[in-house]
Amino acid sequence: MKRFVCIHGHFYQPPRENPWLEEVETEDSAYPYHDWNQRITAECYAPNTASRILDSRDRILDIINNYVRMSFNFGPTLLSWLEGSDPEVYQAILEADQESSRHFGGHGSALAQTSNHTILPLSSSRDKRTQILWGLEDFVHRFGRDPEGMWLPETAVDIETLEILAESGIRFTILASHQASRVRKPAEKKWQNVSGGHIDSRRPYLCRLPSGLSIALFFYDAAIAQEVAFGELLKTGQGFAERLRQGFSSASVHAELIHIATDGETYGHHHRFGEMALSFALHHLESKEHVRLCNYAGYLAEHPPEYEVEILENTSWSCSHGVERWRADCGCHSGAHPEWTQAWRGPLRAALDQLRLTLNPAYEKAIRAFGCDPWALRDKYIHVMLDRSEKSRHNFLASFGLQDVTSKQRIEIWKWLELQRNAQLMFTSCGWFFDEVSGIETVQVMRYAARSLQLARELGVPDPEPGFQAQLTKAPSNRTQFSHAAEVYGLLVQPAVLDLHRIGAHHAVAAVFLEAAENQEKPSYTLSFSRLSQHEHQGQKLAIGRLRLQSRLTEEKLDLSFASIYLGGHDVRAAVGPEMLERVFDQMEKSLVSEFEAGNIEGLVPLLDRFLNPARFGLPHLYKDTKRAIVDRLLESILDDFKDAVRPIYTRDFDFIQAVHRMNVPLPSALTQAVGFLRHQEIYHVLERPDPDIEELRSFAGQIKSGAFDLDQKTMSAALSRTLERLLGQIEQNSEDSASLRLLDGLIAVIGDLPLELNLWKSQNRYFHLRKRRFKELKILVRTGDLDAQADLASLHRIGDYLRVRSDT
């Protein structure tokens with residue numbers, strides 16, 4: 001076999017976590033999803049774990065995990081998020097690497113990636129090493145094996161980066177064709193100039209390094225990759241496959257590898273149904289003679305490089321000016337706002353570089369005082385980042401002879417290391433990639449800088465923030481509400497800064513809405529209540545308590561006392577103070593409860609000032625997601641009042657409203673919207689029942705089709721999608737559950753022709769795996785004359801028809 005094809009996907013999302021909470025908060029621009037990670041998972045990462053191959057009638061013929069037969073890398077920041085937020089997808093990715101190893105001669109398809117996607121040629125030698133070592137350790141932790149290849153962020157490369165890769169045991173990496181300078185056969189002295197993308201990408205090359213080490217380089221086919229990422233090549237899987245086959249030479253006697261590399265998000269997020277074009281192409285190529293799918297490591301094992309190559313340093317795949325996109329106004333931008341300037345890029349990098357140069361000497365001096373190498377300590381900190389258990393922390397400290405340091409010294413060490421972690425995160429490449437300094441990606445890197453600055457102040461470093469902000473004034477914004485990045489920092493970054501006291505204030509405000517005291521373990525801290533009393537009087541609420549917070553990152557602890565009052569509407573007032581003696585707390589509680597139960601709200605305020613800090617906290621001080629959850633809860637009572645007010649009209653006049661509609665007489669929009677709202681609530685109530693009433697739903701469906709009320713298509717589609725998933729889940733758990741099967745069959749008959757776009761992805765997956773087992777069982781029973789089995793089989797066929805899954809295979 002001399003013809004090989006490899007398709008590589010670079011799957012990556014930048015770190016989006018709030019630096020103080022270590023959780024991704026709501027990103028409104030990702031609506032209707034919670035955040036961009038969730039949205040792109042739904043559009044790309046998940047669909048590629050279960051991609052569809054369709055027959056000639058667009059029915060699902062097979063469902064495959066694309067990752068098994070392609071080459072891929074997932075950024076550590078994305079895998080970390082998937083592990084906690086979508087473990088099913090996370091596990092499918094890990095299993096795909098294991099299966100690909102069996103498929104490709106013992107070589108897994110997953111590549112490692114540096115830690116948080118910094119542009120390595122713009123990084124210091126120490127930072128390059130840390131990024132690479134953190135990426136390697138993250139890969140081993142997740143995939144359970146040593147990586148053979150490593151993806152470089154934006155394929156940005158220089159010789160020093162390749163040296164560290166080779167020194168770390170990495171056998172190969174992938175570059176764009178225009179990053180090659182010249183090539184030759186090892187026995188020849190004369191080099192051939194291949195700059196400008198003229199290298200033959202159908203073979204691997206050996207790059208000999210100044211140290212005497214070497215590394216294999218693959219230069220992907222830029223023309224085909226461009227058509228996939230930015231053209232129309234993913235419109236059909238067959239066209240994609242044929243375009244790849246066209247890359248082979250007509251009469252080569254040597255092995256040839258046609259390979260491409262693109263953002264993995266191309267397959268589903270950037271191009272809807274791109275994952276299906278990919279799965280069809282992989283399936284089509286695998287079925288053809290004289291073409292073999294492979295991954296890079298497997299190909300390299302069979303076909304070692306026969307040519308040497310030299311690279312063009314300080315180049316990348318997404319900037320025609322080298323690596324200027326991440327430090328200058330080079331002209332590269334997203335295209336969304338061609339009139340905007342990116343003159344902010346240089347000053348932002350200069351500000352962060354200067355901050356790094358300010359913080360590093362302080363870190364180095366402090367850690368050397370403990371008698372250990374500060375940079376080795378930082379490199380090994382990845383083990384704690386991956387496992388923050390007490391055992392992991394102890395082992396880490398013991399490995400550097402620090403197991404006997406005091407609690408205060410432990411906190412100091414953890415703070416210095418967290419400062420360094422955030423100082424790495426603040427150089428994440430997405431901060432410079434897009435068009436505007438107030439964009440969410442750039443604000444995020446400034447938030448990491450703010451966290452580093454906060455830790456520096458706590459550690460006694462002379463405050464570098466004024467100088468940092470002065471540098472930011474040189475980074476102009478394109479938006480009218482901001483003059484420069486310093487204003488962005490002041491308005492969007494500094495208000496987000498938290499410490500344990502502010503976190504305690506958040507929980508003080510939220511405590512008035514708690515059902516009961518709940519100890520909580522958050523990604524960045526733990527919370528425990530030692531006391532909590534809650535009182536309610538005439539719709540108003542009072543909460544009084546004592547809590548302990550402990551950082552899971554730095555081990556700091558803080559004990560607080562608090563009281564919070566809810567006066568109705570959006571009026572919440574909370575006060576927080578240091579831990580107090582038991583008798584003082586009891587006195588405060590007794591005084592507050594007495595005034596509250598007497599209805600003397602005005603008398604509560606002086607008591608809060610007397611016992612606690614006079615600073616007030618309210619709903620605006622809640623975390624973004626908690627704030628929305630509590631506001632939604634408060635709005636429920638308003639909606640309940642609205643429903644109570646409208647329902648008598650709805651009940652009395654709905655027949656009249658329908659009759660008017662049938663006469664084609666326009667109804668006032670206020671009336672149709674109010675009726676629609678109540679009708680939707682009734683439908684949701686029916687759908688949430690374990691066994692939805694089909695006749696009720698049939699009546700609702702008739703009204704929807706007649707246009708009797710305004711239909712909220714998105715919300716209704718989501719509710720019905722969840723109901724289908726739930727019923728199929730019940731059948732999957734108990735394949736003999738005929739009642740759920742008939743119920744689902746009846747539901748589909750009712751909703752089949754409604755003007756809705758249901759998300760059937762999970763339901764199709766469940767049905768596809770169910771049918772293989774259940775169809776065989778039912779067919780055996782049908783042959784014995786079992787009428788119930790015959791009815792169940794007919795239901796399964798109808799459900800398959802609705803879901804567009806072939807049930808005859």
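Two strands count as paired when DSSP finds at least two bridges between them. With that rule, this predicted model shows an open sheet of 6 strands. Their order is E7-E11-E10-E14-E8-E9, and the pairing is mixed.

Start at the edges. Strand E7 (172-176) and strand E9 (192-193) stand there. Each has a single partner strand, so one side of each is left without a neighbour in the sheet.

Strand E8 (residues 180-184) and strand E14 (residues 307-311) run antiparallel, joined by 4 bridges. Val183 stands opposite Val309 in E14. Helix H5 (residues 159-167) packs on the sheet. H5 touches E7, strand E10 (205-208), E11 and E14, and its direction makes about 120 degrees with that of E11.

In soluble globular proteins, nonpolar side chains tend to be buried together. Here the largest nonpolar core has 91 residues. Strand E11 (residues 214-220) gives the largest share of this core, 6 residues. Phe74 and Phe240 have the most contacts inside the core. Beyond its neighbours within four places in sequence, Phe240 is in contact with several residues, including Ile7, Val228, Tyr267 and Ala281. A second, separate core has 90 residues, among them Leu402, Phe427, Ala508 and Tyr623.

Finish with a helix pair. The axes of helix H16 (residues 440-458) and helix H17 (residues 465-472) come within 11 Å. They cross at roughly 160 degrees. H16 and H17 are therefore roughly antiparallel to each other. From H16, Met446, Ala449, Leu453 and Arg457 meet Glu465, Phe468 and Leu472 in H17. By class, this contact has 5 nonpolar, no polar and 2 charged residues.

Technical notes:
Residues are numbered from 1 along each chain as its sequence is written. This is a predicted model: local features need pLDDT of at least 70, side-chain atom pairs count only at pLDDT 80 or more; totals for chains, interfaces and linings use all residues. Side-chain values use heavy atoms; hydrogens and water are left out. Axes are lines fitted to C-alpha atoms, for helices over the stretch in contact, and angles run from 0 to 180 degrees between N-to-C directions. Helices (H or I, at least four residues) and strands (E, at least two) are DSSP runs, numbered from the N terminus. Angles under 35 degrees count as roughly parallel, over 145 as roughly antiparallel, 65 to 115 as roughly perpendicular and the rest as oblique. Contact means heavy atoms within 4.5 Å. Ala, Val, Leu, Ile, Met, Phe, Trp, Tyr, Cys and Pro count as nonpolar, Asp, Glu, Lys and Arg as charged, and the others, Gly among them, as polar. A nonpolar core is a set of buried Ala, Val, Leu, Ile, Met, Phe, Trp, Tyr and Cys residues joined through side-chain atoms within 4.5 Å. Buried means under 20% relative accessible area, exposed over 50%, partly exposed in between (1.4 Å probe, protein chains only).
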